[in-house]
Amino acid sequence: MPVTGRAALAMLAAATLAVSGATAAPAATSEPPDSLRALGAQLYAANCSSCHGIGGAGKRTPGQVSGALGIAGIGPSLHGVGALAADFYLRTGYMPLRSPFTQPRRSRVLFSEREIRALVAYVASLGTGPAVPRPDPAAGSVAAGFTLFTQDCAGCHQVAAAGGYLPDSVAPPLYDATPTQIAEAVRIGPNVMPRFSKKRLSDRDLDSVIAYVGYAGRPDDRGGWSLGHVGPVPEGLIAWFIAGVVLVGVTLTAGSRLR
Amino acid sequence: MVGRAKPQGVDVIEKPVRALDERSHTAPLALRALRYVFPDHWSFLLGEVALYAFIVLVATGTYLALFFDPSTAPVVYHGSYGPLDGAHMSQAYRSAIHLSFDVKAGLLMRQTHHWAADVFVAAIALHLMRIVFTGAFRKPRELTYYIGLTILGLALLEGYIGYSMVDDLLSGMGLAIGYGVALSIPLIGANVAALIWGGPFPGAPAFWSRMYVAHVFMLPLVIAALIGIHLFLVSSLHHTQFRGRGATEKRLRGVPAFPGQAPRSLGLMFAVFAALFLLGGLVQINPIWLWGPYHVADGTNGAQPDWYLGWLIGALRLMPGFDITVAGRTLVPNPFWGGILFPTFVFGLLFLWPSLERLISGDRRTHNLLDRPRDAPWRTAFATAVLTWLFVIFVAGSADRAYVLLGWSYQTQIEVYRVLIFVLPVAAFWLARRICVELLRNEDVVRDREDAETEARAAAQLD
Amino acid sequence: MSIFQRLAGLLIWLFLRRRGPAPRRTERPDARARIVPDGQPAPRAELAVVALLCLAALSAIAFVVVYAVDSIPDQTQYLGLALGGSFAFLAAALIVTGRHLVVTEHVEREYGEPHPHAARQVAQVVEESGGRMRRGRLLAMGAGAAATALLVAVVTPIASLGPVLDVERFTRTPWRRGRRLVDDAGRPIAAADVRSSEFITAYPEHADREQMGAPVVLVRLDPATLHLPQGRAGWAPGGILAYSKICTHAGCAIALYRSPLFRPTDGKPGLVCPCHYSTFDPATGGTVVYGPAGRPLPQLPLSIDRRGHLRAAGNFSGPVGPSWWGVRNRKAST
């Protein structure tokens, strides 16, 4: 009897291992969605609800209670924003935001990979919204992307994606953004950026834009030292502080002095 | 005599010189040219730097003109630069891309040409500063000075037209602004713009031919002629010189052109060539393939003109927003203040400077001796104030890049600069004058002390 | 003799040496007084100059080699380095020559004097030449009239450069009632596809795009937030607004749209020009809220046709582009 019981236990253990192994196999990500959402809900409550409200309902007027630095939370509703938005804001470090009145910028990512997935799953569950996009820049064309980027993006981000200014905000340089993040930002229009729907920029167009941004990070610089691809200001500085200094130095050497 | 005598060096050279003189009577001229006297200070070579940069401009520019096609005909690009494949552009832009990518040494010549333009204007600016700070513009050299200022103004125009001809996104935006500035001339702005452009922006196709002919032929001819007259005047009046070591208003001390000065000047010439070609090969400038072609509906953030027009973009950005209207008609559109009045005022001030100084100081004598900046505290202070004023406006022109790089709020910067353009020149004036006066006073003290010591020694010897 | 003179002498001698007997000289060269003083030889400097000249030659040859050999990468950099380097070595050779190999004399020259006597004679020649003329003033007036008129005549053809007097063209745009809006690819734009926070550039169908009157920007705002000027009721169906894309300050394209995601923290929407940052408020008819522009952005009235596509319901509220004399008292024309 004891031998059979031990064998049964062993078989049960093996079976359990096999089952959990099978569910783990597709990606290293597969926690049961319920438990991921539950973790997400907890993380949300602790880190996000002060601005985004209970259950992602949003806060249009500042809360009664002020948090650190005397800041009272205020933030948009997350219903229907989908996994796309949560994935973008968390992976870039835009969120959590220190103060709701500052522009979100690329910064430290506070959450671990699992925590991010949990939060994404939770936010995605708040209404129906777009899933995390899967862009394929290799399928796009840099040339088509260049034209599209010039028309729609260069006004803020500068034609070589070096970043730019618009009133009260910075349009950041795009060299650190991953293809997924670019795709997400284009569809969301975070902070003061306009958004571009699939009717305006199809997925294929978006692939081309992302391909162009990738190129702009390492473009053809056959003319030499690129000076950051921002144009005449650094060129003028070189004319004065390199050519000017060198040539004045040569005049000092070449000129004679009466004794 | 055993065999023929070995030819002496001077006889060998004398033969062709004599042959030439018999056919042109220019030997005395050559002798005067060879022994022309240059003053001994390095700052006299700054004008030469500008001249040598001009030579590079003409040489490289001629090369570029053999390839560039000033045509606005719309084409679709299918050349060797992939990211522009299928793009709609003008033939002018395409020929510039072709020159940069498919013509050997084409990009070197284009970049050298552009660097030469930046350095040409910078050299003129430095030279002008030397002239103003040492009072070299005084009688009898006012004419030389006016011609130099004209060359500066034409150089700005020439550079602007040159980089606008390429029809890339940045320079196209700059041309649109030029059009807006032309339109802002009170009463007749639209007529002037219609004349130059051949109609409303972007203008008739002939506008491109106009830019090309102006840039390649008309303006270089005028500039070269003015440089020639400028150099003639400089040589016929002879250079000015600094005081000291026997230099007087009547007698110029210095180094003759040959053999002393010639290798130095020629060396400087080749050094300028070297600097420009090294920059042209090693430091990228105006990468038009990265900007893309210009279209009326396109714009990019961070677009700037070449450095020598930075003062104008600063002025345009600093002006508060208003048009002056009169009975429903727009008398003074906004760009007029920064685009027309401001540069006219600055050039007008520079042109009037010798007359103003004569008027204020009452000094109408001939001057061949220069002042050190400290010797004329009021002039130095005023010139410093003007330079400070211009510098703040230049900085204001790139306030948006400063925001992106350093995080200083653009709106706050503009407010601050609007105050600084009044406050800083006054402060600079006061500071410069004090420094000059203190330096002079110190020289007096040192001289008095030396005199006293000499006296004391003489007295001691007598005892 | 300096290297200068040696090289020059050698070249000249090679070209002009006689084959026959040497000509007789009437005086010996040693008898002439020196004009340029003599100096100590400087063998090290001479060698340095020769070395620099050789380097200059090698560098120039390198330029030709780089040019000729296609397979050398980074052509522009090496070409620039070779040619610039050659010039640099030559410059160094000349400067060393100037400082160490030729005598730096210090001579004196008298400054020139003005020539009042000659100036007087010039004036005299001119004045005396008019000896036979009695009606001097009349002649002068006639000459002045002829010169002025001729100058004006010669300058007149410059007017052909442009339609100098026809400023009506400045008010023309390709928009008129019923003209359909298309996007960059030429596709008509459905009103239902224009959503809030989007920024769309549109053009008139079947018209030349490369003119200031052509491009417009389309944005959609909540109709409740609109405060359009008098007479523009119905210009923004469903809150969709169209404005000229050309800034009224100096003519750049308004390529920025400030589109706040969350109004309480992100501020108001704004159309911004990247050249001098003039900012226009689309909710109030394109009024200027910041920057140097002096005139609001012209608005294009919109209508939605039976198939749901956007069409212009007329021309702009005023001429587009930078301000000029007649910009406020004229209408945009077709």
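In chain A, residues 24 or more positions apart account for 65% of the contacts with a separation of 6 or more, two residues being in contact if their C-beta atoms, placed from the backbone, lie within 7 Å. This is a predicted model, in which local features need pLDDT of at least 70 and side-chain atom pairs count only at pLDDT 80 or more, while totals for chains, interfaces and linings use all residues. Residues are numbered from 1 along each chain as its sequence is written, and chains are lettered from A and ligands numbered from 1 in the order in which they are written.

**Chain A**

- Chain A has 10 helices and two strands, where helices (H or I, at least four residues) and strands (E, at least two) are DSSP runs numbered from the N terminus.
- Along the sequence, the pattern of chain A reads α-α-α-α-α-α-α-β-β-α-α-α.
- Of the 259 residues of chain A, 46% count as buried, a residue being buried if 20 or more other C-beta atoms lie within 10 Å of its own, exposed if 12 or fewer, and partly exposed in between, with C-beta atoms placed from the backbone.

**Chain A with chain B**

- The contact between these chains takes 50 residues from chain A and 58 residues from chain B.
- On the side of chain A that touches chain B, the elements that each supply at least two residues are helix H6 (142-152), helix H7 (154-157), strand E1 (164-166), strand E2 (169-171) and helix H10 (232-254) of chain A, and the largest share, 15 residues, comes from H10(A).
- That side of chain A has 27 nonpolar, 18 polar and five charged residues, with Ala, Val, Leu, Ile, Met, Phe, Trp, Tyr, Cys and Pro counted as nonpolar, Asp, Glu, Lys and Arg as charged, and the others, Gly among them, as polar.

**Chain B and its domains**

- Chain B averages a pLDDT of 94, and 98% of its residues score at least 70; pLDDT is the predictor's confidence in each residue, from 0 to 100.
- The domain assignment of chain B gives domain 1 (41-371) and domain 2 (373-463), with bounds that come from an automatic or database domain assignment.
- The C-alpha centres of domain 1 and domain 2 of chain B lie 28 Å apart, and 14 residues of domain 1 of chain B are in contact with 18 residues of domain 2 of chain B.
- On the side of domain 1 of chain B that touches domain 2 of chain B, H12(B) gives the largest share, seven residues, and the residues of that side divide into six nonpolar, five polar and three charged.

**Chain B with chain C**

- Between these chains, 85 residues of chain B are in contact with 81 residues of chain C, and helix H10 (residues 257-282) of chain B gives the most to the side of chain B that touches chain C, with 15 residues.
- Strand E4 (residues 251-256) of chain B pairs in the antiparallel sense with strand E1 (residues 107-110) of chain C over four bridges, where two strands pair if DSSP finds at least two bridges between them.
- Within E1(C), C:Glu108 is the bridge partner of B:Arg253.

**Chain C**

- Chain C contains six helices and 12 strands, and its radius of gyration of 38 Å is well over the 20 Å that the globule rule gives for 334 residues, so chain C is more spread out than a compact globule.
- The radius of gyration is taken over C-alpha atoms, and the globule rule is 2.2 Å times the number of residues to the power 0.38.
- Taken along the principal axes, the C-alpha atoms of chain C fill a box of roughly 110 × 80 × 40 Å.
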